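Colleague: I would like to learn how to read aromatic rings in a model. Please take me through it.

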Amino acid sequence: MQKSSIWCTLLGVEKTIVRGLDFEEDTGVFIALVSPMKSMRNRCGICSRRCRRYDRGGGPRRWRTLDLGTIETYLVAESPRVRCPEHGVTVAAVPWARHQAGHTRIFDQQIAWLATQTSKSAVTQLMRIAWRTVGSIIDRVWKDTAATFDPFANLTRIGIDEISYKRGHKYLTVVVDHDSGRLIWASPGRDKATLGKFFDALGDERCTEITHVSADAAEWIATVVAARCPQAVRVADPIHIVMWATDALDAERRTAWNRARKAARENEPARGRGRPPKVAPERPDSERATKLKNSRYALWKNPEDLTEKQQAKLSWIVQTDPVLGRAYYLKEGLRTVFKLPYAEAVVALDRWVSWARRSRIPSFVKLQKAIVKHRDSILASIKHGLSNGRIESMNTKIRLITRVAFGFKSPEALISLAMLSLGGRKPVLPGRK
């Protein structure tokens, strides 16, 4: 093997000629003087089309590549410009790096792998670059990766949700494939226009192939799905529906707590400062208010998950506050509907609506109206066995990635990192298959 070929292998470059080597003692940097092979010269940096040479450009340029051992290494080459019929005057392409990048492809590949596998501090220390530079590298690696496959191939059942990625009401809209479990699309924002971008990318023909769409009850999602995929079965998320009931129950708990506090103020004398004496009269209304305030988890949790103390508190609530007890059973009744077979669930849901309507509990009277409005999508989730559980799991992973990605200057870099990690096309280390 020739000396130049050996150095090309060590530096991880192809279609390149190594013309010289140097070591800068003052900076401790290793320099490889390189140039493209004849077949790769005078090509447009954007489209790689062979073009006429325009001028010598701005002189030699440096590209950071993987370290040789512990020594920081750069490639140095001339950077002439060419005149492309399509893109005009632009810097000529080089085989070892992407257009307008300051790092080699092999360097980008290792950064992308590290970013999906480890912490940001480990990446920056090991590779000796700033974290914002990592964001730029990930963005261009994902763009190249996305061009190699069709993310919407065989897409029939999708889940749609939004997730907060930064303070100040900054959200991403994410779409997940129920069948493969892959994250297939994400974009900043959570409105009709944002979701419309996904269906624009999907195309009208593929929109007709979507059979099921799971989501929460957000109106902006329902409106866009109805307009772009009218044939798709709209599936409500059981978790969100039960959460509505839990919120309604908590509203009634707060009402009961406020009643007890008001009774304590009206029926019990004011207590002075310091610890009350042993002979102080009992304060039943205050004790009742305290118990109701601390009963939140006993009412929220599933019966099978209650501790003995919480079971005792729940029994006390049912015996002493019939209205709050009925609210608890209404919540559990709605949760039970989702455990039944479809035929039984249809009957049970209608009975639950009738029960809630006659309960005279304001929060549940309001809830049953929402249940009636979304009845078809609720029953569809039971019939087809779909929920947003998969996308909620995806959101949990994206939240972890968001913490890792803190410091990226744009949401696009965060999205690229999420797509590389969860889109089914994880990067591999250079030199591995």
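Colleague: Which charged end sits over the ring of F149?

Modeller: A charge sits over a ring if NZ of Lys or CZ of Arg is within 6 Å of the ring centre and within 35 degrees of the ring normal. Here the charged end belongs to R425, 4.1 Å from the ring centre of F149. R62 lies over the face of Y74, at 5.4 Å from the ring centre. This is a predicted model: local features need pLDDT of at least 70, side-chain atom pairs count only at pLDDT 80 or more, and totals for chains, interfaces and linings use all residues. Residues are numbered from 1 along each chain as its sequence is written, and side-chain values use heavy atoms, leaving out hydrogens and water.

Colleague: How many aromatic pairs does the structure hold?

Modeller: Rings of Phe, Tyr and Trp (its six-membered ring) pair if their centres lie within 6.5 Å; planes under 30 degrees apart count as stacked, over 60 as edge-to-face and the rest as tilted. The structure holds nine such pairs. One of them joins W63 and W96: centres 5.4 Å apart, planes at 80°, so edge-to-face.

Colleague: Are W63 and W96 buried or exposed?

Modeller: Buried means under 20% relative accessible area, exposed over 50%, partly exposed in between (1.4 Å probe, protein chains only). W63 is buried at 1%, and W96 is buried at 2%.

Colleague: What about W142 and F149?

Modeller: Their ring centres lie 6.1 Å apart with planes at 70°, so this pair is edge-to-face. W142 is buried at 12%. F149 is buried at 15%.

Colleague: Which residues do ring pairs link into a cluster?

Modeller: F152, W185, F198 and F199.
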